[in-house]
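Biologist: Could you walk me through this structure while I look at it, and go slowly, please?

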Amino acid sequence: MEDSDGEDVVETPELPVEIIVYILSFLHASDRKEASLVCRSWYDASQDPRFQKNVTFCFPASASSLELVRCLGNKSRCSLIIKQLDGFSMSRSLLLEVGLCLGSKLESLALPGSSITEASLLALLPRLTSLRRLDLTGLDSLFMSGAFLSREEHRQQVRSALSGLEELDLSDLRYLSDLTFNRLTGCTPCLRRLSLAGCHIAFEFDPYRGCPVGAVEDSSALLSLRNLRRLLTQQKSTLVALDLSRTSITPESLRTIAQVPNLVLEELCLHGCKELTDYSVEVLVKHQPNLQRLDISACTELTSRSVEAIACGLRSLTHLSLFRDWRITEKGAQSLADLLSVPSLTSLNLSECLHISGTEMVKGLTGSSATTAQLERLNLKSCTYIRDLAVFSLAQLLGDTLCELDLTSCVNVTDLSVCAIATCLQRLVVLRLGWCKEITDWGLLGMVETTKCEPDEEMGDKGPRFTRTFGNMGFFKPPRLPFEERPKLVTQNDLELFRKQAGASLLALSRLRELDLSACSKLTDSSITQVVRFQDLQCLSLSLLPDITDASLTSIARHCRSLTSLAVSHCPGISDRGVAQAAPCLHRLQHLYLSCCNNITDRSLFLLARHCKRLKTLDVSRCNNVSVTTVDVLQSQLPFLENVHYKFMGGADLSHSYALTD
């Protein structure tokens, strides 16, 4: 082949698809998606079956969805979430197309926010011969009449298709009764996971018959404990996960479930079951010692006694949630420290446990008999007694394993904690510090002022002492400032010193994918422009930072090009100029929050329409200089835009949040 000058041109041979697949295997899913857009061969390589595991396609019921379903027929397997289905012809046609094109390939189906008829679903289910997960959450239209699956021929058709179903989600069904429950679960003999969260289940005692509700005959109005226990007994060999969150389950009912012979649960979710007591947890632990995941969050009657029972009895536990269990105190945390040393425990949620300070946890972890903790996720949100000493010690003790840390609204956390985190927790992928209002630029930059730190007076001699140094920083603490006093501003000379030193700045957390600094109101451009530079960062929240400007937005866009979600609401320094410089760098952006940014005008929306083609969510509420007309234009130009929030836009209450569909 010759070019225009008569010289030979050697064509570059295409890489074999196997080589491209191998290259793509080193990329994160978001990067792999970008690479698939390079050319046809790279796209074909990205469709390799090894990359298609657990891929779920989510879309609303619309005319354009028909073609999407037909295209998905080329895949070997897939999962669907179809929203806003109804009883009209469009929805019926879509479900029919799903059955025809994906019947033997569909592994999971969810129908949230829908209102479909029994006839539509019964026309689909017999075709789904490979279905492993079915989510019927909130589909009251199916169960309201009580006639669902009442005909034997329908049950036989559904049973032959769903005999391999492993997960069934029946959450938030107001009209689920014994009759319909028995008919449906009779078609699914091999369930592994069952969710009845938010359902109206009759756990109470019937005084007229002298027995529990439903103990004599099946009810056409409510699901009874008797039928639930019967299902657990029938499927005890396969069922390992049960969700009874937000139900009125009583201690006696929980004991009945826990004592089902030969039932070995691995996961149990009891979130928001407010009638449960410490006694019920003790019984549960005794009869189900193999639990690996336990959620007893928002069970407000539970105390430290429950924590002690869990620490002693559940030695295989991997995930524990105690969120909003307000009566748990440090005594319970001391017992919990024993559990932290169990190698299997990887996730602990203590958010809104208001009496937890971390002191006893640290003591337990540093005791003579303690082993190395293996926590990967720790949530201490709104634990207002958490202070720097506890964060320092936990950071040192969990540095080899911790990947996710949430300190949101821990109001006593200061720059010292940030420096400890940056030095010891360099495996972090998620860091949330929202509403930690004492954090300043100095902390993010790793340049804490050199005032000797002593243990807090509140902890006295009982608190853990810390002697090692952190990098070149030392163990220092800035002087306490009056609440109304602003911190010393970072100067240009300070920034030059930061660039030369090898301190413990936030930059050390190079693996971060999610960072929340919202409402850390003392932060300015000085730190944001220097340390928020993470190539893999996907979610960033900087809302309610009054002193950041377009300089921060521009820097973030240039250094964090993997961002899919960005929140800069209530940042008055953000303007059209910043959006103009940032938008060309944010091609992956899907969710953008700009509410109460009054320097944002219609010009910014036109820039977003030009550069951010994947935008799904946009919040411009209370942006006085943005017009409804421009929002309508944006909707027409962005094919993936689903949610636009524009309440009080232009100074008037023009609309609330809207979900936009075709």
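Modeller: We can begin with the whole chain and then go through some of its parts, keeping in mind that this is a predicted model.

Biologist: How many helices and strands does the chain have?

Modeller: The chain has 24 helices and 25 strands, and buried residues make up 53% of its 662 residues.

Biologist: And of the contacts between residues at least 6 apart in sequence, what share joins residues at least 24 apart?

Modeller: That share is 79% of such contacts in the chain.

Biologist: Let's go to the strands, then. Which way does strand 1 run relative to strand 2, parallel or antiparallel?

Modeller: Strand 1, residues 56–60, and strand 2, residues 78–83, run parallel and are joined by 5 bridges. As one point to look for on screen, Phe-59 stands opposite Ile-82 in strand 2.

Biologist: What about strand 2 and strand 3, how many bridges do they have?

Modeller: Strand 2 pairs with strand 3, residues 106–110, over 4 bridges and in the parallel sense, and here Ile-81 has Ala-110 in strand 3 as its bridge partner. Strand 2, helix 5 (residues 89–102) and strand 3 also make a right-handed β-α-β unit.

Biologist: New topic: helices. How many residues of helix 9 are buried?

Modeller: Helix 9, residues 178–185, is mostly covered, as 6 of its 8 residues are buried. The buried ones are Asp-178, Thr-180, Phe-181, Arg-183, Leu-184 and Thr-185.

Biologist: What do those buried residues pack against?

Modeller: They pack against both helices and strands, including helix 7 (140–143), helix 8 (152–162), strand 5 (167–169) and helix 10 (225–234).

Biologist: And where does Gly-186 lie?

Modeller: Gly-186 lies in the loop between helix 9 and strand 6, and with a relative accessible area of 38% it counts as partly exposed. Its C-alpha is 9.4 Å from that of Ser-163, although the two are 23 residues apart in sequence.

Biologist: How do helix 11 and helix 12 sit relative to each other, parallel or perpendicular?

Modeller: The axes of helix 11, residues 251–258, and helix 12, residues 278–287, come within 9 Å and cross at roughly 0°. The two helices are therefore roughly parallel to each other.

Biologist: Which residues meet there?

Modeller: From helix 11 there are Pro-251, Leu-254, Arg-255 and Ala-258, and they meet Tyr-279, Ser-280, Val-283, Leu-284 and His-287 in helix 12. The residues of this contact divide into 6 nonpolar, 2 polar and 1 charged.

Biologist: Why might residues three or four places apart in a helix point the same way?

Modeller: That follows from the geometry of an α-helix, which has 3.6 residues a turn, so residues three or four places apart point the same way.

Biologist: Okay, further along the chain now. Is Leu-553 buried or exposed?

Modeller: Leu-553 has 6% relative accessibility, so it counts as buried, and its place is in helix 21, residues 550–559. Leaving aside neighbours within four places in sequence, Leu-553 is in contact with Leu-566, Ile-574, Gly-578, Val-579 and Ala-582.

Terms used
Residues numbered from 1 in each chain as written. Predicted model: local features only at pLDDT ≥ 70, side-chain atom pairs only at ≥ 80, totals over all residues. Heavy atoms only, no water. Axes fitted to C-alpha atoms, helices over the stretch in contact; angles between N-to-C directions. Parallel < 35°, antiparallel > 145°, perpendicular 65-115°, else oblique. Contact = heavy atoms within 4.5 Å. Nonpolar A, V, L, I, M, F, W, Y, C, P; charged D, E, K, R; others polar. Buried < 20%, exposed > 50% of the residue type's maximum accessible area, 1.4 Å probe, protein only. Pairing = 2+ DSSP bridges. Right-handed = clockwise from strand over helix to strand, strands pointing away.
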